[in-house]
Amino acid sequence: MTLNATQTRVPEQAPALVKKIDKTTYVVRIYFSDTCTETIRNKMKRILKNEVSTSEM
């Protein structure tokens, strides 16, 4: 298991996105909590709403 940016344990077998930029390889593991109560639809709406309200025009 590895620790992600918020220090949550993420299984090594979790799907990952891999992107190589120059000499650096970025590995982003995808993990969904079993205990979450927010749907992906509601989460995306919340994120977009926050982004719009905080963006400078």
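Of the 57 residues of the protein chain, 5% count as buried, where buried means under 20% relative accessible area, exposed over 50% and partly exposed in between, with a 1.4 Å probe and protein chains only. The model is a predicted one, in which local features need pLDDT of at least 70 and side-chain atom pairs count only at pLDDT 80 or more, while totals for chains, interfaces and linings use all residues. Residues are numbered from 1 along each chain as its sequence is written, and side-chain values use heavy atoms, with hydrogens and water left out.

**Fold**
- The protein chain has 1 helix and 4 strands, and its elements run β-β-β-β-α from the N terminus on; helices (H or I, at least four residues) and strands (E, at least two) are DSSP runs, numbered from the N terminus.

**Loop residue D22**
- D22, found in the loop between β3 (16-21) and β4, has a positive phi of about 55 degrees although it is not a glycine.
- Most residues other than glycine have a negative phi.
- D22 counts as exposed because its relative accessibility is 72%.

**Nonpolar patch**
- L17, V28, I30 and F32 make a nonpolar surface patch of about 400 Å²; patches are made of residues with over 30% relative accessible area and no salt bridge, with like charges joined within 9 Å and nonpolar side chains (Val, Leu, Ile, Met, Phe, Trp, Tyr) within 5 Å.
- F32 lies in the loop between β4 (24-29) and α1 (40-54), and F32 is exposed because its relative accessible area is 61%.

**Largest pocket**
- The largest pocket has a volume of about 250 Å³, a pocket being an open set of points on a 1 Å grid over the protein atoms alone, where a 1.4 Å probe fits, with protein on both sides within 12 Å along at least five of seven lines.
- Its lining, made of residues with an atom within 4 Å of a point, includes F32, E38 and K43, and divides into 4 nonpolar, 3 polar and 2 charged residues.

**Salt bridge**
- The count comes to 1 salt bridge, defined as a side-chain nitrogen of Lys or Arg within 4 Å of a carboxyl oxygen of Asp or Glu.
- E38 forms a salt bridge with R46, the closest N and O atoms being 3.0 Å apart; E38 is partly exposed at 31% relative accessibility, and R46 is partly exposed at 38%.

Conventions
Areas by Shrake-Rupley, 256 points an atom, 1.4 Å probe, with all protein chains shown as cover. Points joined across faces, edges and corners; volume = space filled by probe spheres on them. Nonpolar A, V, L, I, M, F, W, Y, C, P; charged D, E, K, R; others polar.
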